[in-house]
Every structure is written in C-alpha cells, then in structure tokens.
Amino acid sequence: MSDLRIIEELCGICADMVRIISAQAVALEQLGAVCMEEERAAITQRLAPLVGNGEIQL
C-alpha cells in the first residue's frame with residue numbers, strides 16, 4: 001500500500017471517528033452531561049486550519 005493510500009485511509013478513519021464522537025456528544029448533551037468540552041474545543045482549533053472552515057463540528 002502506498003504512503004498516499006495509507007494517509008487517505010487514516011483520514012477516512014478519523015472522519016468516521018469524528019462522526020461517532022459527535023453523535024455521542026449530542027447524546028450526552030441531551031442527558032445534560034458535558035464531557036471534555038475544553039479538550040474538544042482545543043482539538044477543533046488545531047483541526048480547523050487543516051480541513052477548512054465549516055467542514056468540522058466537534
């Protein structure tokens with residue numbers, strides 16, 4: 001497997017993980033729970049310049 005293919009696959013895995021984590025955060029929020037909000041905000045700030053504005057919601 002080429003390096004580019006590995007990177008593409010890792011990006012796909014990360015995107016899937018973001019979707020799962022976001023759904024879990026919504027479920028927790030509906031129950032009134034808040035978990036690791038400061039950490040999520042910090043990760044969002046690190047990730048936004050890499051993927052562009054409006055493309056991520058953690």
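Colleague: Say a salt bridge is a side-chain nitrogen of Lys or Arg within 4 Å of a carboxyl oxygen of Asp or Glu. Which residues are linked in a network of salt bridges?

Modeller: Arg5, Glu8 and Glu9 are linked that way. A word on the source: this is a predicted model, where local features need pLDDT of at least 70, side-chain atom pairs count only at pLDDT 80 or more, and totals for chains, interfaces and linings use all residues. Residues are numbered from 1 along each chain as its sequence is written, and side-chain values use heavy atoms, with hydrogens and water left out.

Colleague: How many salt bridges does the structure hold?

Modeller: Four. One of them joins the side chains of Arg5 and Glu9, at 3.5 Å from N to O. As background, side chains of opposite charge can pair when their charged atoms come close.

Colleague: Where do Arg5 and Glu9 sit, and how far apart are they along the helix?

Modeller: Both are in helix H1, and because they are four residues apart, about one helical turn separates them. A helix here is a DSSP run of H or I with at least four residues, a strand is a run of E with at least two, and both are numbered from the N terminus.

Colleague: What does Asp16 pair with?

Modeller: Asp16 forms a salt bridge with Arg19, 3.1 Å from N to O. The contact is also a polar contact of 3.1 Å between the two side chains; that term covers N or O atoms within 3.5 Å, where within protein one must be able to donate a hydrogen and the other to accept it, and residues adjacent in sequence count only if both atoms are side-chain atoms. Both residues lie in helix H1, three residues apart, about one turn of the helix. Arg19 counts as exposed because its relative accessibility is 56%, while Asp16 is partly exposed at 35%.

Colleague: Back up a bit. How many helices and strands are there in the chain?

Modeller: Two helices and zero strands.

Colleague: What comes after H1?

Modeller: H1 is followed by Gly32, whose phi is positive, near 85°. Met36 also has a positive phi, about 55°, although it is not a glycine. Met36 lies in the loop between H1 and H2, the latter being residues 37-51. Most residues other than glycine have a negative phi.

Colleague: How much of the chain is buried?

Modeller: Buried residues make up 7% of the 58 residues. The chain exposes about 5,000 Å², and carbon and sulfur atoms supply 62% of that. These areas come from the Shrake-Rupley method with a 1.4 Å probe, and for residues only the protein chains shown count as cover.

Colleague: Which residues form the nonpolar patch on the surface?

Modeller: Met1, Ile6, Leu10, Ile13, Met17 and Ile21, with about 600 Å² of accessible area together. Patch members have over 30% relative accessible area and no salt bridge; like charges are joined within 9 Å, and nonpolar side chains (Val, Leu, Ile, Met, Phe, Trp, Tyr) within 5 Å. Ile21 lies in helix H1 and counts as partly exposed because its relative accessibility is 41%.

Terms used:
Buried means under 20% relative accessible area, exposed over 50%, partly exposed in between (1.4 Å probe, protein chains only).
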